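Hi,

Here is the structure I promised to pass on.

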Amino acid sequence: MDSRKKILIVDDNQDIRLGMQVRLKANQYDTFFAADAVSGVAEVLKHLPDLIILDLGLPGGDGFTVMERLNKIPTLAVIPIIVVSARDVIGNQKRAYEAGAKAFLQKPVNDAELLAVIRQSLAEAEETKKFTLRDEGSV
Amino acid sequence: MKEKTLQVLVVEDNAGDVRLLREMFSGEKVGNFEITHLLRMSEAEVYLAKGGVDITLLDMGLPDAHGLDTVRRAHAAAPDIPLIILTGLDDEALAAEAMTQGAQDYLIKGQIESRALPRALRHAIDRHRMQAATDLIRTHQMEFKDEFLSHVSHELRSPLTAVRQFVSILLDGLAGELNPEQRQYLEIVLRNVKQLHSMINDLFEVSGVQAGKLKIELQCTSVADAIAYTINTLQGAAASKGIIMLPSDIERKLPSVCADPARVRQILIILVDNAIKFTPQNGTVKIRARICEEHADFLLLEVSDSGCGIDPNLTERIFERLFQASDPALADHSGLGLGLFICKDLVTRQGGQIWAHSEPGKGSVFSLTFPIFSLPKLLAPVFSEERQTEHPVTLVVTKIGSQTGWLSNEVRADQCRGIRELLRGCLYSNLDVLLPKMDSAGPSELFFIVAITDGIGGGAICERIRKQLDSSERLRQAGLTHSTYYRSLGVIKRNATEPKEDFLETVAARIQELMNEEASSKQVRSG
């Protein structure tokens, strides 16, 4: 089984995407990109990533619209999302959690913190998967 | 240019005084002023609510209203219409106080120079208009400043993100080995980036404080929830430094406090974030909460760390605005020096205290208190000695719901502040109490007023609230519905032998029961 995890980065800032890519690659993650809301959803469908790093301010809709669309598809709704945004914590953080995000990190993010949150979210998702499989198996 | 006829409402029950006033306008051209005369406050309220009045002349002793109450009611019925108080010589002090309740000016009966009256009215109207225009401009400016700062801080954060990312990529050797000199220089860059970041945050925060954005809405608040939220939010930051963060020594049944939940979270985040910053790798940060030993009315919260500590001479100064640690070892942690200042401001405004205790090298402890939420205490003014207790105690219930049937938390938070102010303006007496928010559960947002009213008082308050809510543009725009009704608890008297605390306890329990009933009833009554 391929143990390398796939992470999709949705951010309209090219430099930030590259910076994240370098950091994630060095930590043995495979990365994909999208620079706007529409291709964000398309890339999720194409690559079925294990985790999504999502900016809120995006062309063609914002991060919340991306989450809304993904939430409508059960297989995609379970993919953990980490919101990384320059927007104010007040208001946006709560809204992000309500939309199903695992974490809200405000830019500029500390890479060590981002990696810690990624590890934790992936581990949780793995746990949930195991549980679901066991449940299905026992039925 | 022909001037518009000014509509003057005179509310005065003394026919002689009214005649004198009318005579004072006799020198004016017909069509300059039109005077409407009413005898009672209740009539005046209805008339004012209809609109069209340019200025009100109000006597403070009417058959159905007295003193400051008349001013409050007239102001509540028509907050945008200038109000001039008519008073006797012996009541000048009271009239001066009326100015703080919304009156523009006062005139002493018998001392009004007849030709001066029309001029005084015109000036009052002009002054009121100018004031309103200035207020509007100021509000717009504030809004613009807020928007501008929010925009700027947003725009600054993105490039800063890229700088920080790549500096740390280089520092971690992901683009090849660094020589010691390169490493040293990049560390300088990183330190400055961090400082810039925290300055942007503080700047944004303080602009909010000044714009009055950080309003505090006291309510029944769970400290345990705020602690859980804080730990959850800062887990990542702590983990990246190998710091163990734990809630310890938290009593199982922690009482709720009377505070603003968003502000309690904000304070805890600033304190815990500081603690993490100043604690070395693999240290510990603890959060404790318990009932204060010295003052059982307060809850005591403590955030302690195993960090570098604070010079004992500075434990008070660190809360000052723009305080900066002069210790060079801490230089890379410094922001604009506003975090603790903001904390102190917020804690104090919620009725608590904050202080620090530390020994250098042994870590520091930040302690803060919040008043414990107590319904009996909130109800005390209603049953104060100066009150007439022959009238029934009334619980007025206002429900705000949405046409879709459910209020999102965000809508609640945004809307309810305005509604609260509006309801407060509907109270007839300073001693009646608009209770703070109790619980956010349920399909609609509930507001409770506890008042002592005469026979028709409950109905009168409801009527007044409905009228105000009906005319609220904000509610309409947000698509919110409202209903207001009252429940009478009958006359409640304390017998002389009963201690006041016990009495309030008992009344509070009854009122709590009624409120619980209201909260659990799903149906929103109409009206």
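The contact between the chains draws on 20 residues from chain A and 18 residues from chain B; two residues are in contact when their C-beta atoms, placed from the backbone, lie within 7 Å. On the side of chain A that touches chain B, helix H1 (14–26) and H6 of chain A are the elements that give two or more residues. H1(A) supplies the largest share, seven residues. By type, that side of chain A splits into 10 nonpolar, three polar and seven charged residues. Here Ala, Val, Leu, Ile, Met, Phe, Trp, Tyr, Cys and Pro count as nonpolar, Asp, Glu, Lys and Arg as charged, and the others, Gly among them, as polar.

Some housekeeping before you dig in. This is a predicted model, where local features need pLDDT of at least 70 and side-chain atom pairs count only at pLDDT 80 or more, while totals for chains, interfaces and linings use all residues. Residues are numbered from 1 along each chain as its sequence is written, and chains are lettered from A and ligands numbered from 1 in the order in which they are written.

Chain A first. It has six helices and five strands (DSSP runs numbered from the N terminus: H or I with at least four residues for helices, E with at least two for strands). Along the sequence they follow the pattern β-α-β-α-β-α-α-β-α-β-α. Of the 139 residues in chain A, 40% count as buried. Buried means 20 or more other C-beta atoms within 10 Å of the residue's own, exposed means 12 or fewer, and partly exposed is in between, with C-beta atoms placed from the backbone. Among the contacts in chain A with a separation of 6 or more, 58% come from residues 24 or more positions apart.

Most residues other than glycine have a negative phi, and most peptide bonds are trans. In chain A, the bond from A:Lys107 to A:Pro108 is cis, with omega near -5 degrees. A:Pro108 sits in the loop between strand E5 (103–106) and helix H6 (111–138) of chain A. A:Leu48 is not a glycine, yet its phi is positive, about 40 degrees. You'll find A:Leu48 in the loop between helix H2 (37–47) and strand E3 (51–54) of chain A, and it counts as exposed because it has 12 C-beta neighbours inside 10 Å.

B:Asn282 lies in the loop between helix H8 (261–277) and strand E11 (284–291) of chain B, and it is exposed, with 10 other C-beta atoms within 10 Å.

Chain B also has an open sheet of five strands, paired in parallel in the order E2-E1-E3-E6-E7 (strands pair if DSSP finds at least two bridges between them). Strand E2 (33–38) and strand E7 (105–108) of chain B are at the edges with a single partner strand each, so one side of each has no neighbour in the sheet. Within the sheet, four bridges join E3 (residues 55–59) to E6 (residues 83–87) of chain B, and B:Leu58 stands opposite B:Ile85 in E6(B).

Last, helix H9 (residues 339–349) of chain B is mostly covered, with nine of its 11 residues buried. Those buried in H9(B) include B:Phe341, B:Lys344 and B:Asp345. After H9(B) comes B:Gly351, with a positive phi near 85 degrees.

Cheers
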